[in-house]
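This report describes selected features of one structure, going from a pair of helices to sheets and chain contacts. The sequence and the model are shown first.

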Amino acid sequence: MLRLSTKRSSLLNFLIVASAQLALSNTYAEVDERIVTIGGAATEIVFALGAGSSVVAADLSSIYPPQARELPMVGYVRNISPEGVLSMSPDLIIATGALGPPTARKMLERLDIDIIWLPNLSTPEELLSSIKTVSERLALTEAANALIEQVNLGLAQSEANSSNWTKNIPSVLFLLEPPGKSTPGMGGGLDSKANTLIDLAGGKNAANRFAGFKPVSMESLVDMNPDIILVGQSDRHGGSPESIQAMIATPALSEVNAIKKDAVYPVPLDDLAFGPRLGEVALRWNTLLANHAAQDKQ
Amino acid sequence: MPTPSQATQQNAAIKGRLSKGSVLCFLSILLLICVFWSLNSGAVETTLSDVIATFSFDEPSSKSQLKSIVISEIRLPRIVLAFLVGAALTLAGSLLQGLFRNPLADPALIGVSSGGAIGAVTAIVLLPVIAIKLKLSEGTAQIIQSFGLPVLAMCGAIALTFVIYRVSLVRGRTHVPAMLLTGIAVNAIGGAFVGLVVTVFATDEQLRTITFWTLGSLSGSNWNNTIILGLFIIIPIFIALRQDRALNAFLLGEAEAFHLGVNTQHVKRTVILISAIMVGATVAFCGIIGFVGLVVPHMVRTALGPDHKLLLPAGILLGAITLVVADVFARTLLSPAELQIGILTATIGGPFFLALLIRSRSVNNNSLSL
Amino acid sequence: MNLSNTLGHLMATGITVRVGKKTLLEKVDCELIPGKLDVIVGPNGAGKSTLLRAITGEYPVDEGAITLDGRPIEKIDNVELAKRRACLPQFSSLAFPFTIREVVSIGRHPHPEDPKNDRAITEAAVEKVGLVDRIDEGYLHLSGGEKQRVHLARVLAQLEKPKERFLLLDEPTASLDLTYQQLVFDIAQEWANNGAAVLIVLHDLNQAMRYAQSVTLLKDGQLVQKGAPRSVLTEGIIESVYGVQAKWIEADGHSLLAVNQKNQYR
C-alpha cells in the first residue's frame, strides 16, 4: 500500500482518486467473450476493468455502472434462472457468492461453461483478490493493477487521515433505514459490512452490542449515542429525505450527539457493495468523519 | 328466489353432467399436451423435435446436448414439481372444503399454509443449531435437515388445521366468519413468527432462503426433494380418492353423515391429516402458493358438479394442468428472468376470490354460501 | 329381557344425558315398535331433539341403554345400522350446487353401489315427495320447504322400504305449507301401516293428537306422561306442562286445541 504524505490536502487526494476512476472507465478493452455477470460487485469489477462491452447480461442487483442497467436481466442475484443465463449463450459467468437459489448454483456448475465464483465481497482483501482473479481470466492485468492501486490509494488515504484521531475516534452508526413512528431502524452491528466500512473510514461502530443487521429502537439509539449517523439511501430502499428529517426532528432523539451536532448524512446503499469503488467510498466516509473529529478537538 | 329466467339458465347448466370417464380422459390428454408445451417453453430456444430427441435413446450431438440438458434437467424437474404441487393443493382445497362444508376453505386462506411455514422456518433455522449442539456428523446433519424440513412443516400444518377446525366448527356447523377470521389471525401469527425467527436467529444464508420462499417458488427444488415430495403427495392422493362417497355424505352435515353410516371421526381425522400433510410438504419445498386450492375446485364444481367422485380426480388433473401452465408463464413472461409462481397465483386468484365473495352475497343474502 | 319380544324393536331405556352440570334428559324410556307411529312432544328445552339424537346413536348417553333387536346399538356396525334406521333433521345446511337427484342419491350411501337400482330407488323417492319433474334442477335454488322435501326423499331412499325399518323425523313440518305437511304425515302413516316403526318429534299438539298412536310428553328432560294421545294430552296435563289453558273441541271426528286468550305465563 502506498503511503501519501498527510500534508497533501484530503480534497486533492480525493480528486486524484476520482479522476483516475473516470479515466479507467473510458478505456474499453477488447475481450472477445460473452460474459454474464451476477451480483452487483461482479458486474462492477468487469466494467471497471474496461471489459464492460463484453457483458451480455447481468442481474437485477447490478445497478452500477448505469450501462449495466440497460442489459437483459437474468433475475435477482438470489433468484437466478439458469435457463435465462443459458439463453444468453455465455462463454463465461462471473458470479458472487450471493447467487441463489442453491439449485441454480448447482445447475450452473453442472453445465459446461466457465464460471468464476467470487466470494460475497465484504472485505478489501476479498475485493482485491477478486479483481486479480477476474483480470487473470480476462488477460487484463494492466487494468487490474491500475484498479487495485486506485482502491489502495483511497484506503491508504483514509487510514492516513484518521491516524491521528487516537483520542477522538468518532463513533458511527450506520442505518439501513431510519427508525420511524412504528418501525425500528435497521442498524449495522459487528460482523457486518457496515462495520468493516466504518473501520476502514477510521471510525468505531456505535452499534457494538450485536452482530449483523438488526432492528434498532429509538431507545437503543439514544443509548448508543453515536457521534455520526449514516443512513443508506437508494431509489427503492433505505431512508428517504423525509424519513431522515423525521428522525432528526424526533424529540426522543434530541440529545443524541449526532443529531445535536447535525451529523446525520445520507450515503448511497450501494456503498456496501464492496465493489471496485471501495477506495472512493472509504475516503468519502472518512471525509464525513473527519469533519467531526476535527470539531471535537476544538 | 331467483327470477324464472335465471332459474332456467342455472337449471340448463346442471342438466348435462358429463360422464366420469370422458372427463378424466379429456383432462389427461390436456395435461399431456401442456406438459409437452412446457417442455418446449423457456428462455432457451427449443423445438418439439428437441423435446422428442431428449427422451429418445439416441446419442445427442454436442450442439443439441445443451438443449437436452435444459429440457431434461432444468425444465422437467420443474414440470414434475408443478404437477405434484398443483395436484396436492387442489386436492387439499377440495378436502378442506368438504370438511368445513364451505367452498371458501383454501389452505392458504384459512391458515394451513402458514402452519406449514412456521414449521418449515423452524426447521430451516433451528435444525442446524440442533445439529451443532448435538455434535452430529455432516452426513447425519444433512439427512436430518432434508427430512426434518418437510416433517416439521407437516406437523405445523396439521396442528394448525386442527386449531382452525376447533375454532370455527360450532355444533357441527361451520361458522364461516370464524373460519376466515381464524385464517387471518393465523396468517398474521405465522408472518410474525417467521419475521421474529428471521430477525433474531437467521443467518444471511437462511434469510435468503426464507425470503424468496415465502412468495412461493418452484425454482428451489432438485430431484431429491421432488421425490420426497412425490411420496408425501401420491400416497395421500390414493387415500383421499377412496373417501369420495363419504365426503358427499359429509357435505350434508356431520350428523347426517353419521346417520348414513359414515364413520365421521375417521373421515375428519383422515381429511385433516391428509390435507395438512400435502400442504405441509408443498410449503416445505416450494413456499406458500395460494389460491390454487380455492380456484381450481371451484372451476371443477362449476363445470362438473360437486360430486366428489368426479371432483377429486378431475381436480387433481386440472390442478396439475393449472400449475404447469402457470409455471410456463412464470418462466417466460419476464425472460430471461423468472417470475415467482406465488405472485402469479395471487394475482389471478385474489380477484377471483373477491368475485366469488361478491357473487355469493347476491345469490344468498343470508350466509356466505355459494 | 325376553329377546323375542324385542326383535324388530328399537328400545331406549333409562336414558340420561348430561352436559356439564346441566341434565338434558333424565331416565327417559322410549320404544319404537314396528307398525306404530309415535310422537314426542314437549315445550322448548324439553329434550325432544336430544332424545331423538340419543336414539339414533349420534349422541352418547351417560346412563341407560339403546338396543336394536335386543343388541346394544354401539355394537352394531354403522353401515348396517344406517340401512335400517334413518333420521330426517330439522334443518339442513348444504352449500354446494348439487341437483335434487344427487342429494337424494347420497341417501344410498350405506348400500353397495348399484347404479341402476340406485337410480330407480332415487327416482321413486323423489316422486313420492312430489318433485320428480324437477329432479335434475339445482338444490340450492329451492325454497326452504322444497329442500326439506328433498331430504325426506333422501331418507326414504336410504331405507328403501317400510318393513323392518325405523324412520325418525325431527319436526319435519316446520318449514312446509299445508299441502306438504299433509304429504309428510301421509307418508309417515303409510310407512307405519306397512311395518315401519316411525317416531316423529312435533311441537304442534294438534298434529300429535291427529296422527300419533302413542305420545311421549317431555318437560325439562323428564318424562311427564306416555301413552295414547287422549290420555297424555289432557287439558290438565297441558296446563301443567305448558302453563296454558286450553280446551279440546271436537268437530267431525277431528280434535282441535283451542287456547284460552287470557293466560298467565309462568
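In this predicted model, helix H5 (residues 112–133) and helix H12 (residues 264–286) of chain B have axes that come within 8 Å and cross at roughly 55 degrees. Angles from 65 to 115 degrees count as roughly perpendicular and those under 35 as roughly parallel; H5(B) and H12(B) are therefore oblique to each other. Their crossing is right-handed. On the side of H5(B), the contact is made by B:Val112, B:Ser113, B:Gly116, B:Ala117, B:Gly119 and B:Ala120. H12(B) contributes B:Ser275, B:Ala276, B:Val279, B:Gly280, B:Val283 and B:Ala284. By class, the residues of this contact divide into 7 nonpolar and 5 polar, with no charged residue.

Strands of a sheet pair through backbone hydrogen bonds, in either a parallel or an antiparallel sense.

In chain A, 4 strands form an open sheet with parallel pairing, in the order S2-S1-S5-S6. Strand S2 (55–57) and strand S6 (114–117) of chain A are its edge strands, each pairing on one side only. From one strand to the next, the twist averages 30 degrees. Helix H2 (residues 40–48) of chain A packs on this sheet and touches S1, S2 and S5 of chain A. The direction of H2(A) makes about 135 degrees with that of S1(A). Within the sheet, S1(A) and S5(A) pair over 4 bridges, and A:Ile38 has A:Ala95 in S5(A) as its bridge partner.

Chain C also has an open sheet of 4 strands, here with antiparallel pairing and in the order S2-S1-S4-S5. The edge strands of the chain C sheet are strand S2 (22–32) and strand S5 (71–72), and each pairs on one side only. Between S1(C) and S4(C) there are 5 bridges; C:Met11 stands opposite C:Thr67 in S4(C).

| Strand pair | Residues | Sense | Bridges |
|---|---|---|---|
| S1(A) and S5(A) | 35–38 and 92–95 | parallel | 4 bridges |
| S1(C) and S4(C) | 10–19 and 63–68 | antiparallel | 5 bridges |

As a whole, chain C has 10 helices and 12 strands. Its radius of gyration is 19 Å, close to the 18 Å that the globule rule gives for 266 residues, so chain C is as compact as a globular protein of that length. The C-alpha trace of chain C spans about 55 × 45 × 35 Å along its principal axes.

The contact between chain C and chain B takes 28 residues from chain C and 31 residues from chain B. On the chain C side, the elements giving two or more residues are helix H3 (78–84), strand S6 (85–88) and helix H4 (100–106). Of these, H3(C) gives the most, with 4 residues. The side of chain C that touches chain B divides into 13 nonpolar, 11 polar and 4 charged residues.

Key. Residues numbered from 1 in each chain as written. Chains lettered and ligands numbered in written order. Predicted model: local features only at pLDDT ≥ 70, side-chain atom pairs only at ≥ 80, totals over all residues. Pairing = 2+ DSSP bridges. Axes fitted to C-alpha atoms, helices over the stretch in contact; angles between N-to-C directions. Contact = placed C-beta atoms within 7 Å. Nonpolar A, V, L, I, M, F, W, Y, C, P; charged D, E, K, R; others polar. Parallel < 35°, antiparallel > 145°, perpendicular 65-115°, else oblique. Left-handed = near helix turned anticlockwise from the far one by under 90°. Rg over C-alpha atoms; globule rule 2.2 N^0.38 Å.
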